[in-house]
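Please look through the sequence and the structure shown here before reading the notes that follow. They are grouped by topic for a reader who is new to this protein.

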Amino acid sequence: MKNKFLKMMILGALIVSTVSCKKDKNENPIDPPPLTNELQLEGKWVFESLEFLNTSEVSWKEGLEVNTENTFGYAPVMFSDMMGFDFQTKAIESGKGNKFNFINDGDRNQDETKEYWYWNYLNEKQSFEIGQINSQLPPYDFGIHNIKNIVLNNDGNTIDFDAELTSRVVGGKLTETIETPVHIVIKRGESNNKVNVTIGGTPLEQILDEFQNNEDNKTNAEKMIGTSWKLSSGSTLYNPGLSDVDDPDQAYLKIIALSLDSDNNLLYRYSYPLGVVAAKTYPQEQTDLDQDIINIRMGDGNRTPYSFIKWKIQAINVESGTIQFEDIETGTVRDFVKIDNINIDFDKEEYNQIK
């Protein structure tokens, strides 16, 4: 009996001990290893997206032409061909930090013999900075300033953060700049895709296309591209005969048809004693076209020396099919009408011919 009682006591003690151990384990669990928020930036990252948050600061302006002259220094365009970040571990010569490169379309800035940017961890690897070594080289500050609100996702392989970028004031001088807020997302890895740039959620490409395709925002020369024009019926046409001495001062009155192609080549035809010459071609300078000026070269450089006629496009209405040119030297205005093809047959009898 005593042995049986002893066995029951031992068994009861074991049960109590087991229950007690289980209870203690549940009430005092072992804490898991602490999660770290430290950044691990070394290596290459895909530049996923760049959103400009203050639309009033960077929205394009009505009537402002979208061209290189106006977009240089405008941050949405300056960053638009970038594809990634390269955080290197090599210290730059100045000691400001480690070497940083932007990965661009066309492999620009990947010259390992050059140092343009640097980067550093800040606040015990809770933040970071990207700076440009020389604010004048490249001739635009690509530094990413005041980085904050950093969020790590995907085990730290995707990073969202807010920052500021230097941008030229829209329509202002190159020296007129602002610091404008942006939201950036980068993802560890490499890609051949350009960054998705948006302004207030709208893609940059869509915004600029609207201005480029808006006739009101085009120069007269841009409106002329891809169209052909002939001298209006009843206009004065200089038409010297075979025995006449050609008067170079009247050469601008010989032009009977014009066309400007997308490569900035001017096609033109003019009268000569036996009819109208086949279309000649003369390339135009963009600086002249920006001012609505076209240049026409006369002569062949051999029997007749080259001479040049400079016309300014005064007004154009593609829909109604009318265009006016002013001969800059004489101030004479010439009226032309739209035609389908510059290579049509011309009847000089419909003009007021002078010799």
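What is the volume of the largest pocket? In this predicted model, the largest pocket has a volume of about 560 Å³.

**The largest pocket**

- The lining of the largest pocket is made up of 19 residues, and those closest to the centre of the pocket are Asp246, Lys254, Tyr270, Gly299 and Thr304.

**The protein as a whole**

- The secondary structure of the protein consists of 7 helices and 21 strands.
- Of the 355 residues in the protein, 39% are buried.
- The accessible surface of the protein amounts to about 20500 Å², and carbon and sulfur atoms account for 48% of that area.
- Among the contacts in the protein with a separation of 6 or more, 55% are made by residues 24 or more positions apart.

**The nonpolar cores**

- In soluble globular proteins, nonpolar side chains tend to be buried together.
- In this model, the largest nonpolar core contains 43 residues, and the ones with the most contacts inside it are Leu50, Phe79, Phe85, Phe87, Ile144 and Phe161.
- Another core, of 34 residues, lies apart from the largest one, and its members include Ala221, Ile256, Val277 and Trp311.
- When residues up to four places away in sequence are not counted, Leu50 touches Phe79, Leu165, Val182, His183, Ile184, Val195, Asn196, Val197 and Thr198.

- Thr198 is found in strand β9, which covers residues 196-199.
- Thr198 counts as buried because its relative accessibility is 10%, and the cut-off for a buried residue is under 20%.
- With neighbours within four places in sequence left aside, the contacts of Thr198 are Leu50, Glu51, Phe52, Pro203 and Leu204.
- Thr198 and Val182 are 16 residues apart in sequence, and their C-alpha atoms are 9.8 Å apart in space.

**Thr89, on strand β2**

- Thr89 belongs to strand β2, which spans residues 82-91.
- Is Thr89 buried or exposed? Thr89 counts as exposed because its relative accessibility is 62%, and the cut-off for an exposed residue is over 50%.
- Beyond its neighbours within four places in sequence, Thr89 is in contact with Glu42 and Asn98.
- Gly43 is 46 residues from Thr89 along the chain, and the C-alpha atoms of the two are separated by 8.3 Å.

**Two asparagines with positive phi**

- Asn123, a residue other than glycine, has a positive phi, with a value near 50°.
- Asn123 sits in the loop between β4 (117-122) and β5 (127-132), and Asn123 counts as exposed because its relative accessibility is 58%.
- Asn149 is not a glycine either, and its phi is positive at about 50°; Asn149 lies in strand β6, which runs over residues 145-153.

Key
Residues are numbered from 1 along each chain as its sequence is written. This is a predicted model: local features need pLDDT of at least 70, side-chain atom pairs count only at pLDDT 80 or more; totals for chains, interfaces and linings use all residues. Side-chain values use heavy atoms; hydrogens and water are left out. A nonpolar core is a set of buried Ala, Val, Leu, Ile, Met, Phe, Trp, Tyr and Cys residues joined through side-chain atoms within 4.5 Å. Buried means under 20% relative accessible area, exposed over 50%, partly exposed in between (1.4 Å probe, protein chains only). Contact means heavy atoms within 4.5 Å. Helices (H or I, at least four residues) and strands (E, at least two) are DSSP runs, numbered from the N terminus. Accessible areas come from the Shrake-Rupley method with a 1.4 Å probe; for residues, only the protein chains shown count as cover. On a 1 Å grid over the protein atoms alone, a cavity is a set of points where a 1.4 Å probe fits but cannot get out, and a pocket is an open set with protein on both sides within 12 Å along at least five of seven lines; lining residues have an atom within 4 Å of a point. Grid points are joined across faces, edges and corners, and a volume is the space filled by probe spheres set on the points.
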